[in-house]
Amino acid sequence: MDSGQHAEPRKRSIFRSILSLVIMVAFVFGLSWALRTFVFQPYEIPSGSMEATIMTGDMVFSEKVSYYLRDPEPGDIVTFQDPEIPGRVLIKRCIAVGGQTVDLIDGWVVVDGVALNEPYTHGLPSEPLKTALGTEFSYPYTIPAGHLWVMGDNRTNSQDSRYFGAIEENTVTGRGLLIYWPLNNFGLLG
């Protein structure tokens, strides 16, 4: 080749271009699936059961990694499969775990004989609810092993364990981590 000539770039075949695009799209979809399945899941909150901690319409990320390393603990905000409607996910606060005893006394939640300090309820009373059809329990109630007692922070507007009973721990899908939308409600959950 003379010093004045330039090498011409090889033209990519249309097949290679399409194959490259298909591989890139498959990678993006695969990565998205893996992140949603094993790391985090976004949810839009449809009801006021967790107000004022989480407002109706807020968008929340629920992370899954921490429950690979430890079990849910009282105080955690958990997402879990609705015990009544298959495929629906609920979000509530874990109040007690297997082996603990829950009681509702004069509007207070009492766990193992100690009234809980729950500033996130804003003083709303925690009264017993009429239980779901086929669900029976009475207070004080000892949580069975492998189960959790969950309650919404808005105690006057939440169908929770007072309604459907303790949930199985294996139905927990993640821990509520972050409100990401709207921006004026942005912040970590806790």
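**Exercise 1.** Identify the residues with the most contacts inside the largest nonpolar core, and the elements that contribute to this core.

*Solution.* Take a nonpolar core as a set of buried Ala, Val, Leu, Ile, Met, Phe, Trp, Tyr and Cys residues joined through side-chain atoms within 4.5 Å, where buried means under 20% relative accessible area with a 1.4 Å probe, protein chains only. The largest such core has 13 residues, and Ile 95, Val 102, Val 109, Ile 143 and Trp 149 have the most contacts inside it. Two or more residues come from each of strand S4 (89-97), strand S5 (101-105), strand S6 (108-111) and strand S9 (147-151), strands being DSSP runs of E, at least two residues, numbered from the N terminus. A second, separate core of 12 residues includes Val 78, Leu 90, Cys 94 and Ile 167.

The model is predicted, with local features needing pLDDT of at least 70 and side-chain atom pairs pLDDT 80 or more, while totals for chains, interfaces and linings use all residues. Residues are numbered from 1 along each chain as its sequence is written, and side-chain values use heavy atoms, without hydrogens and water.

**Exercise 2.** List contacts of Ile 95, leaving aside neighbours within four places in sequence.

*Solution.* With contact meaning heavy atoms within 4.5 Å, the partners of Ile 95 include Val 109, Leu 116, Tyr 120, Trp 149 and Arg 155.

**Exercise 3.** Compare the radius of gyration with that of a compact globule.

*Solution.* Over C-alpha atoms, the globule rule is 2.2 Å times the number of residues to the power 0.38. For 190 residues a compact globule would have a value near 16 Å, whereas the protein has 24 Å. Along the principal axes, the C-alpha atoms fill a box of roughly 95 × 35 × 30 Å.

Notes. Buried < 20%, exposed > 50% of the residue type's maximum accessible area, 1.4 Å probe, protein only. Helix = DSSP H or I, 4+ residues; strand = E, 2+ residues; numbered from the N terminus.
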